[in-house]
Every structure is written in structure tokens, then in C-alpha cells.
Amino acid sequence: MATLGTPQNTIAILQKYQFHFQKKFGQNFLIDPRILHKITHAAGITDNDFVLEIGPGIGTMTQYLCEAAREVAAVEIDSNLIPILEDTLHEYPNVSIIHQDILKLDIHRLIQEKNNGNPIKVVANLPYYITTPIIMGLFESHIPMESITVMVQKEVADRMQATPGTKDYGALSLAVQYYSIPETVANVPPNCFIPRPKVGSAVIRLAKRKENAVAVQDEALLFSLIRASFQQRRKTLANGLHNAPGIPLQKEQAIQILERLGISPSIRGEALSLEQFALLCNAITATVDGRNTEQP
Ligand code: SAM
């Protein structure tokens with residue numbers, strides 16, 4: 001395989017097709033073979049795997065994925081890149097190039113058609129402007145999936161792995177940790193891309209949990225609680241919870257439930273662990289249902 005992932009080879013393709021980068025699509029192409037290797041290795045791809053790549057660009061990482069996987073679907077939004085991909089990937093019979101916005105693609109259907117509905121691996125150097133909607137969309141749509149291995153902004157990788165009480169801890173940390181076990185695989189400086197991004201990047205692997213990290217009776221309520229707690233970071237938990245959208249509690253009820261759980265009503269949401277959010281969620285469900293028990 002003659003890798004596209006060097007500065008010379010990438011520039012040659014860009015010139016051949018007179019390709020102009022589109023800022024609105026978050027285009028920063030990888031030009032470092034060591035990082036490309038690291039990503040494919042961290043994703044643990046075998047020749048049994050069906051891999052979904054989001055945003056193949058000129059096909060640099062796709063080459064590595066096609067070498068390792070049984071089959072690859074590469075979903076690219078930019079119509080100018082489609083003829084380039086058809087050229088750079090022509091020697092791989094195991095790739096489908098799909099011209100689509102990943103946020104609009106019916107991934108369930110793709111997995112049904114291409115992988116008999118079995119779990120897939122997702123790999124991507126993500127467009128940074130839509131990192132969170134893409135990752136949360138993958139989790140929340142409950143598609144059969146083993147892992148997501150992605151390049152994201154370093155700061156976003158830090159937030160995904162943050163623990164309670166730290167400055168990076170927030171709704172994204174809790175949502176990602178609810179569905180998966182995150183692990184940073186590599187830090188990647190701006191000079192590994194053309195053009196260079198203004199921020200540092202990191203490769204993070206999110207290993208999907210077989211069971212979500214905590215058991216709750218009402219998942220929507222859990223996420224309403226998390227959102228309410230972090231939207232008003234400076235409010236105490238009791239104040240943040242009553243009157244928040246999707247949370248059926250008066251302030252007095254909120255205080256009573258927190259006290260019953262041994263959580264100080266004056267604590268801020270950012271100090272609460274996922275397990276505590278789950279306890280709170282189940283206690284609220286029980287109270288609203290007229291049962292007075294905290295356990296699921
Ligand atoms: N994978 C290539 C690489 O590593 O060199 C390119 C990565 S670049 C950071 C992000 C890619 O995602 C670009 O090719 C961009 O056009 C594409 N993209 C942006 N928004 C997208 C979307 N909504 N759906 C699919 N692809 C998208």
C-alpha cells in the first residue's frame with residue numbers, strides 16, 4: 001500500500017484535483033503514518049470486522065482500514081471528495097463510499113444490510129464542529145456497536161474522561177461514561193495535519209459497555225437531571241432541580257429526597273458521581289410513582 005498519509009502524497013492528491021479545503025466541514029487531513037497506524041491498531045480491527053468510517057477525506061485512513069477489516073463503509077459529506085475517493089481507493093474491493101451527511105444516515109439499515117445487524121466498529125478523524133452530536137447520536141440511537149475510536153480535540157477527550165469535582169467534568173463526561181469506557185490512546189500535535197488545526201488533538205477509544213454503567217428506570221430523567229445540574233453550575237443541586245425541564249419536583253421534595261439519600265442539598269451537581277445521579281433518578285421516579293423507595 002502506497003500510503004496517502006505523508007505530506008508529499010497528500011499534497012500531490014490535493015494538487016491533482018485542485019482541491020480546496022472547506023472550513024465549514026472541519027477538514028484537517030492526517031499526514032503522519034505513525035498516527036494512522038496507532039489509530040487502526042487501537043481500534044483492534046480484524047478481518048471479521050465491518051468498520052464505519054466517518055469523514056474519509058481523501059481516503060488516507062480508509063486505506064489502513066481496508067487493509068485490516070473485512071469491509072469498510074466510508075461516509076463523506078463533501079461532494080468534491082467523492083471522485084477523489086473513487087480514485088484513491090479503487091484498488092480496494094471491500095470499501096463502499098457513501099456520499100451522505102453522517103447525521104442523516106440510517107446507520108441501523110446500513111448495519112443490517114452490510115453486517116447482518118451484528119456489532120460494528122466506528123473509526124474516524126472527526127470533523128470537530130460536530131464531534132458531540134456524532135458521538136452522542138451513535139450511542140443514543142442504540143446501534144449495534146463494539147467501539148468508537150476517534151480523533152477529537154484534546155480538550156474534548158479530557159472532558160470525556162473527567163471525574164467528579166474536576167473542571168472538565170460535565171454532561172459529556174457522564175453521558176460518555178454511562179455508555180462506554182473511554183481511554184486516550186495518543187496525543188496528536190497540530191503538525192500531523194494539513195491544514196494545521198489551531199488546537200491539540202487526541203485519539204480516544206470508547207469501548208461500548210455491554211450493560212450501561214448504572215441501572216435506571218427512566219433514562220430520559222437521568223439525562224434531564226444531568227443537564228439541569230450542569231446548565232446551572234453555580235446553583236446548589238436542590239435549586240437546580242426544581243423547575244428544571246423534565247424534572248417533576250417541588251423544591252421541598254427535592255430537598256427531602258436528597259437528604260434521604262445522604263446527599264447535601266447544598267452540594268453542586270458537578271460534585272455528583274454517575275452512581276449518585278442514578279440513585280437520585282430512581283428515587284425521583286419512585287416518589288413520582290407514589291412509591292417511597294430509592295432502589296430500582
Ligand atoms: N479522515 C480524513 C483524514 O484523517 O485525513 C479526513 C478527516 S477531516 C478532520 C473530517 C472529514 O469529515 C472531512 O473529510 C469532512 O469533509 C468530513 N465531514 C464533515 N462533516 C461531515 C458530515 N456531517 N458527514 C460526513 N462527513 C463529514
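Q: Which residues come nearest to the ligand?
A: Leu30, Gly55, Glu76, Asp101 and Asn125 come nearest, out of 23 residues around the ligand (a heavy atom within 4 Å of it). This is a predicted model, where local features need pLDDT of at least 70, side-chain atom pairs count only at pLDDT 80 or more, and totals for chains, interfaces and linings use all residues. Residues are numbered from 1 along each chain as its sequence is written, and side-chain values use heavy atoms, with hydrogens and water left out.

Q: What is 2.6 Å from a ligand oxygen atom?
A: An N or O atom in the side chain of Glu76. A polar backbone atom of Leu30 is 2.9 Å from an oxygen atom of the ligand, and one of Pro56 is 3.5 Å from a ligand nitrogen atom.

Q: How much of the ligand does the protein bury?
A: 99% of the 590 Å² that the ligand exposes when taken alone (Shrake-Rupley method, 1.4 Å probe).

Q: OK, cavities. How many of 30 Å³ or more?
A: Two. A cavity is a set of points, on a 1 Å grid over the protein atoms alone, where a 1.4 Å probe fits but cannot get out; lining residues have an atom within 4 Å of a point.

Note on methods: A polar contact is a pair of N or O atoms within 3.5 Å; within protein, one must be able to donate a hydrogen and the other to accept it, and residues adjacent in sequence count only if both atoms are side-chain atoms. On a 1 Å grid over the protein atoms alone, a cavity is a set of points where a 1.4 Å probe fits but cannot get out, and a pocket is an open set with protein on both sides within 12 Å along at least five of seven lines; lining residues have an atom within 4 Å of a point. Grid points are joined across faces, edges and corners, and a volume is the space filled by probe spheres set on the points.
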